[in-house]
Every structure is written in C-alpha cells, then in structure tokens.
Amino acid sequence: MATLLQPEKVLYLVRGEKKIRVPLSQLYFCRYCSELRSLECVSHEVDSHFCPSCLENMPSAEAKLKKNRCANCFDCPCCMHTLSTRATNIPAPLPDDPTKTTMKKAYYLACGFCRWTSRDVGMADKSVASGGWQEPENPHTQRINKLIEYYQQLAQREKLERDRKKLARRRPFMPQAFSQHTIHVVEKYGLGTRLQRQRSGAPISALYGLSLKEGEDQKEITIEPAQALDEVEPLPEDYYTRPVNLPEVTTLRQRLLQPDFQPAGASQLHPRHKHLLMKRSLRCRKCEHNLSKPEFNPTSIKFKIQLVAVSYIPEVRIMSIPNLRHMKESQVLLTLTNPVENITHVSLYTCEEEDPDDINSTAKVLVPSKELVLAGKDAAAEYDELAEPQGFQDDPDVVTFRKSNKIGFFIKVIPQREEGDVTVAFKLRHDFRNLAAPIRNTEEVEATSEAIWLTHHVELSLGPLAT
Amino acid sequence: PQETGAVVCVESDIRGDVTIGARTVVHPKARIIAEAGPIVIGEGNLIEEQALIINSFPENILPDAEDIEPKTMSIGFNNVFEVGCVSQALKIGDNNVIESKAEVGRSVILSSGCIVGACCAVNTCEVIPENTVIYGSECLRRVQTERPQPQTLQLDFLMKILPNYHHLKKTVKASSTPARS
C-alpha cells in the first residue's frame with residue numbers, strides 16, 4: 001500500500017516555457033503571479049558556499065580564490081570519501097639532547113572506507129594536525145594563468161563593444177538593457193558581473209551606481225603561441241609486453257577527478273581539498289520575486305522564504321485502487337488535503353475532448369459534479385479530542401470520510417485500453433486567497449482578500465490493469 | 001586468564017573440534033562451528049559478536065557420504081573478525097581484517113594483511129595477495145603499502161574487562177568428534 005503514497009503517482013502540470021509534469025512536492029508557487037513554478041522556470045542564484053564536512057561558511061569571493069575548495073578538509077583520491085586525520089606516536093630525538101628520544105605525535109591522513117593513507121603515496125607524516133598538507137603544484141600553472149588573463153581581457157573588450165552598441169541604440173531604455181544583460185548573464189571566463197567604467201569622454205551610464213572596478217590598466221597582455229614539437233618521446237620498449245599491474249592502474253574516475261595531473265598510477269594519487277557545496281535561492285522569472293531563500297547558516301535547514309506549492313495548493317493523493325478491468329467502471333478512492341487555514345472550495349472537471357494538455361490518459365474518468373468543501377487546516381485540531389462535527393453536508397456516494405482538513409472521495413475510472421498502465425487526468429479548480437496582496441481599506445473589520453480561482457491539470461497513474 | 005589463555009565467553013556458540021590459541025578473545029554470540037572438520041585458531045585474534053566462522057560441507061556433497069576427509073580450517077594470528085561477518089575460508093593468514101557483514105567463501109585463501117571491507121562478499125576461488133583491500137559495493141580492490149595494525153590495545157582491554165561481565169568457558173583438553181548437523 002505504501003507504493004500508492006509515492007509522489008510520482010500524482011503529477012501536476014506546470015505551464016511555463018515548457019510543459020512539465022511534476023509531483024506537487026517538487027513545485028513552487030509564486031503567489032504574486034498566482035502560478036505554479038517548477039525548477040526549470042525559475043532562475044537559480046548562488047546564496048553561499050559551505051564545506052559539507054566541516055560546515056564552514058565561505059564568502060563567494062574567497063571561494064572563487066580557493067577554486068571552490070575547502071581549506072581544511074580533504075577527499076580520498078581513491079574512493080572520494082572524506083579523509084580523517086590520525087595520530088601516531090613516533091620516537092623522535094629531543095632537540096636539546098640527541099641521545100634521548102621522546103614520543104612525538106605524527107599525523108597522517110587516512111580514509112575510513114577504503115583504508116587509503118597518506119603514507120601510500122609517500123607523503124611524510126606531519127607534525128601539525130591541520131594545515132600542514134599541501135596539494136602538489138601543477139607545473140603548467142604559470143602558463144595557464146597568463147592565458148586566462150589574456151582571454152579575460154579579450155572578453156572585456158567584447159563586452160564593452162556590445163554594451164556600447166546596446167546603449168547607443170536603446171538610450172531611452174537604459175535600465176532594461178542593464179537588467180537583461182548584467183543580472184542574468186554571467187560573463188565569459190568567470191569574470192562575474194563586474195562592470196567597468198568607460199572611457200572618461202563617454203557618457204556615464206546608469207551602471208554607475210553599482211560596483212565599479214577601478215580603472216584597469218589597459219595594458220596589452222601578449223601571449224606566445226604554443227610551440228609544436230616535432231619529436232615525441234618514444235615509448236619504452238616493453239610497453240606492449242610488460243604485464244599490467246592492475247591494482248596500480250587508476251580508474252577513469254580517479255584519474256579525471258584530478259584533471260591537472262591525471263595520474264595513471266595509483267601511487268601518484270594525491271588527496272585534493274574537498275569541493276564546496278552551495279546554497280541556492282530561487283527567483284520567479286516573471287515577477288522577480290524570491291520563491292525560496294535558505295538561511296545563511298550552513299547548519300540550519302530552514303528557509304527565510306519558502307513558497308512551496310504544497311502549502312498553497314490542495315494536494316490529491318491516491319488512497320486505494322480496486323482491480324481495474326478493460327472497459328469496466330471501477331471506483332478509485334482519492335484524498336484531497338487543504339494546506340491553508342481557511343475553507344477551500346474545490347471542483348473537479350474532466351478534460352475536454354481535444355484538450356492539448358491531455359496527452360497521457362488511457363482511461364475515461366468521471367469526477368464528482370458537486371463542489372467539494374475542505375475545512376481549513378487547524379494546527380490544534382489533533383490535540384482536541386472532543387472535536388465537534390464540522391457540519392458539512394456530504395453526499396455519501398461521493399465523500400467517504402472527512403477528517404479535519406482532509407476528505408476522501410471517489411472517482412469512476414473506465415480503462416480504455418486492453419494493456420498498459422492506466423492513467424487518468426482531470427482539472428482541479430479551487431479558490432485561492434492571496435494574503436500577499438495589500439489590504440486596501442484598513443477601516444474594514446475583516447481583511448477582505450480577493451479569492452481567485454485557479455485551475456490545475458492533474459494526472460494520476462493508477463498502475464496496470466488487473467489480470 | 002592474564003597474559004596467556006584465550007578469553008571465550010560462555011554465550012558464544014562453539015561446536016565441534018575447535019582449538020583456540022592464547023590471547024584470542026571470542027565475544028558473546030560469536031559462533032564457531034566445526035562441522036566438516038576441525039578448526040584451529042591462532043593467537044591474538046579478535047572475534048566479535050555475531051561473527052560466524054564455519055567449516056561446513058560444500059553445498060553439493062551430502063553429509064552422510066563416507067569418502068570425505070575432514071579438512072582443517074586454520075586461522076593465523078592477529079586477525080579481526082568484525083561484527084556479523086561470515087567466514088568459511090579454509091585458510092586465513094595473519095593480520096587480516098574481515099569487516100562487518102562481509103562474507104568470505106570457502107575457496108578463498110586470505111594471505112596476510114588483507115582487509116575485506118564491510119558488506120563485501122568474496123566468493124572467488126583464489127589466493128588474495130598480501131595487503132589487498134577489498135572495498136566498496138562492487139568489491140573494488142587496491143593494494144596498501146602496510147598491513148593493518150594488530151589490535152593489541154583492544155585485546156588487552158577486552159581481556160581485562162570481559163571477565164567482569166561474562167562467565168568464561170573453561171578449556172577442554174580432550175577433542176571431540178566433529179559434530180554432524
């Protein structure tokens with residue numbers, strides 16, 4: 001029975017740029033646009049970076065400097081688990097008196113999962129618990145840095161050209177050009193959204209108010225082209241005949257996690273600093289309001305703003321499915337849950353004949369024609385044993401049970417196909433009170449919030465036909 | 001038992017002809033079953049709870065057939081059998097670690113310094129080379145440069161503490177015939 005509670009059984013349709021069918025638990029609801037939003041129709045922004053093992057926060061600038069890696073934590077190069085520091089006692093001669101030996105602590109890195117230690121690659125034990133471990137230097141760093149600087153300069157010039165053209169053409173619409181091209185577009189080569197002051201003769205645009213990088217030297221950076229070599233080192237003679245030492249060969253995954261070196265032998269696998277994870281916030285693309293904003297603290301899982309769909313839209317869940325037979329009418333029991341605190345009226349409609357959204361259904365469905373009323377969610381109701389009956393007149397053919405903010409009701413399903421899974425679709429229409437809208441007349445006693453009617457397209461997958 | 005002699009708790013289940021060396025600790029609820037032959041366990045081993053060391057008949061041979069010779073299962077010294085592991089290997093060397101819920105089949109021979117990782121099942125017919133580590137859900141292997149350390153500290157601690165809380169089995173000199181299930 002637990003399989004019926006799986007969220008993938010009930011899908012809601014999101015009408016964004018693409019039509020996406022997703023369970024309600026994965027959707028967001030923009031209450032300013034009054035529409036459902038999925039992960040694909042919102043813009044994702046990075047909030048903060050943090051290390052998954054030491055939970056240390058890092059400002060974005062520092063993260064970029066350290067190439068998005070934590071300073072203290074290491075990953076095992078063999079199995080990518082987090083490495084832990086272990087200590088041993090080794091006898092070491094006292095600095096004052098070379099003849100006596102005393103126990104000194106030596107630290108090494110070890111993996112708890114695959115038992116890799118830093119001694120396996122020849123890294124000496126360090127005398128400090130943290131901070132002593134260095135990543136090996138990449139011999140090509142200098143050349144790469146120079147190339148990056150050169151290309152960054154080229155990218156800046158391109159952007160200047162582009163902006164100059166845009167601003168020249170669209171003078172009266174300057175703020176628009178700004179918002180489209182500098183908030184959502186990240187520049188090439190990771191420059192971020194830095195803006196540069198133009199030449200002093202040119203008009204200073206509306207971009208002035210934001211962070212300007214102090215005038216960079218316009219010096220030309222030149223690079224030497226790469227040299228092509230004629231001769232290549234020959235392979236060793238026994239390259240084809242030497243037997244392969246399998247434990248020594250690195251797997252592709254181990255090799256590619258270190259793109260600087262890509263060592264072929266396991267004895268050259270050095271540990272790397274751990275990658276940082278990030279917290280992201282989501283923003284509706286149409287009205288630019290935030291839909292989801294997590295807390296800044298990495299140890300906290302709460303949200304400052306959490307406009308998820310399950311707290312605004314009534315949720316349909318499948319409760320029980322009888323044996324479904326081809327062309328025979330059977331009753332499926334569904335539940336509707338009301339997430340908000342006021343009474344909600346829900347009506348269901350079958351899809352029209354030529355409904356463009358209705359592409360997946362393989363059965364006809366008959367939904368209750370009367371309007372269903374859902375009581376508001378009352379947080380204290382579960383503790384109230386003497387709950388008074390709610391006084392709703394329910395048609396016993398349609399509504400089977402009613403429990404605080406949930407009702408169970410029947411729909412009739414007639415599978416149309418002889419084989420395959422049975423899928424039905426219908427429209428769910430409910431009233432939504434927008435509490436975000438400002439109260440117009442403060443003299444009135446009740447806050448009159450307008451009720452608007454929202455319609456959603458819901459698809460249920462009821463599983464295979466009974467044999 | 002102080003420095004010599006094994007510490008074998010009464011709650012452990014030992015059946016058949018089993019010889020246990022000195023300084024070995026057998027936790028309660030460990031099971032050592034010598035069905036198809038005797039088991040000889042060396043010194044300094046650590047056999048934790050719910051570990052199963054069994055010298056059983058191979059699956060396709062009936063226990064009542066007469067022409068089977070009892071094969072001795074021998075286990076070296078300083079091995080660790082962690083909680084819930086199953087070992088049927090006939091020959092285990094020294095300084096090996098069989099981690100929790102690992103399974104070692106009958107045709108495997110562990111040499112020295114091998115580590116069979118948690119939940120790994122090794123059923124091949126081979127000799128595992130020295131200092132091999134088997135880990136991961138796909139039983140990947142790698143070679144480490146040094147063998148795992150013997151658990152001397154843990155053994156000393158257990159030999160002091162376990163007699164305070166459990167009754168111990170006394171050693172039986174006479175060897176009994178192998179039990180048949």
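Trainee: Why does Cys85(B) count as buried?
Mentor: The model is a predicted one, and in it Cys85(B) has a relative accessibility of 0%.

Trainee: What makes Cys114(B) buried?
Mentor: Cys114(B) has a relative accessibility of 1%. That value is under 20%, therefore Cys114(B) is classed as buried.

Trainee: How many disulfides does the rule give over all chains?
Mentor: The count is zero. A disulfide would require a pair of cysteine sulfur atoms within 2.5 Å, and by this rule none is found over all chains.

Trainee: Is Lys29(B) buried or exposed, and how do you know?
Mentor: Lys29(B) has a relative accessible area of 55%. Exposed means over 50%, so Lys29(B) is exposed. Lys29(B) is located in the loop between β4 (25-26) and β5 (31-34) of chain B.

Trainee: Which residues are in contact with Lys29(B), leaving aside its neighbours within four places in sequence?
Mentor: They are Glu11(B), Ser12(B), Glu49(B), Gln50(B) and Ala51(B). A contact needs heavy atoms within 4.5 Å. For Lys29(B) and Glu11(B), which lie 18 residues apart along the chain, the C-alpha atoms are separated by 5.6 Å.

Trainee: What is the secondary structure of chain B, and what share of its residues counts as buried?
Mentor: Chain B has one helix and 20 strands. Of its 181 residues, 45% count as buried. Chain B exposes about 9600 Å², and carbon and sulfur atoms supply 53% of that area.

Trainee: In what order do the six strands of the open sheet of chain B stand?
Mentor: The order is β3-β6-β9-β12-β15-β18, with parallel pairing. The strands β3 (18-20) and β18 (127-128) of chain B each have a single partner strand, so they stand at the edges and one side of each is left without a neighbour in the sheet.

Trainee: Why do strands β12 and β15 of chain B count as a pair?
Mentor: Two strands pair if there are at least two bridges between them.

Trainee: Which strands of chain A pair with β23(A), and in what sense?
Mentor: Strand β18 (residues 344-350) of chain A pairs with β23(A) in the antiparallel sense over five bridges. Strand β24 (residues 451-464) of chain A also pairs with β23(A) in the antiparallel sense, over 13 bridges. Within these pairings, Ser347(A) has Arg429(A) as its bridge partner in β23(A), and Thr423(A) stands opposite Ser461(A) in β24(A).

Trainee: What makes β23 of chain A mostly covered?
Mentor: Strand β23 (residues 421-433) of chain A has 13 residues, of which 10 are buried.

Trainee: How many residues of chain B are in contact with chain A, and what area is buried between the two chains?
Mentor: 12 residues of chain B are in contact with 10 residues of chain A. The buried area is about 990 Å², and carbon and sulfur atoms give 48% of it.

Trainee: Why is the meeting of Glu99(B) and Arg115(A) called a salt bridge?
Mentor: Their side chains meet at 2.5 Å, N to O. The criterion is a side-chain nitrogen of Lys or Arg within 4 Å of a carboxyl oxygen of Asp or Glu, so the pair Glu99(B) and Arg115(A) qualifies. Across the interface of chain B and chain A, the rule finds one salt bridge.

Definitions and conventions. Residues numbered from 1 in each chain as written. Chains lettered and ligands numbered in written order. Predicted model: local features only at pLDDT ≥ 70, side-chain atom pairs only at ≥ 80, totals over all residues. Heavy atoms only, no water. Helix = DSSP H or I, 4+ residues; strand = E, 2+ residues; numbered from the N terminus. Buried < 20%, exposed > 50% of the residue type's maximum accessible area, 1.4 Å probe, protein only. Areas by Shrake-Rupley, 256 points an atom, 1.4 Å probe, with all protein chains shown as cover. Buried area = accessible area lost by both parts, 1.4 Å probe.
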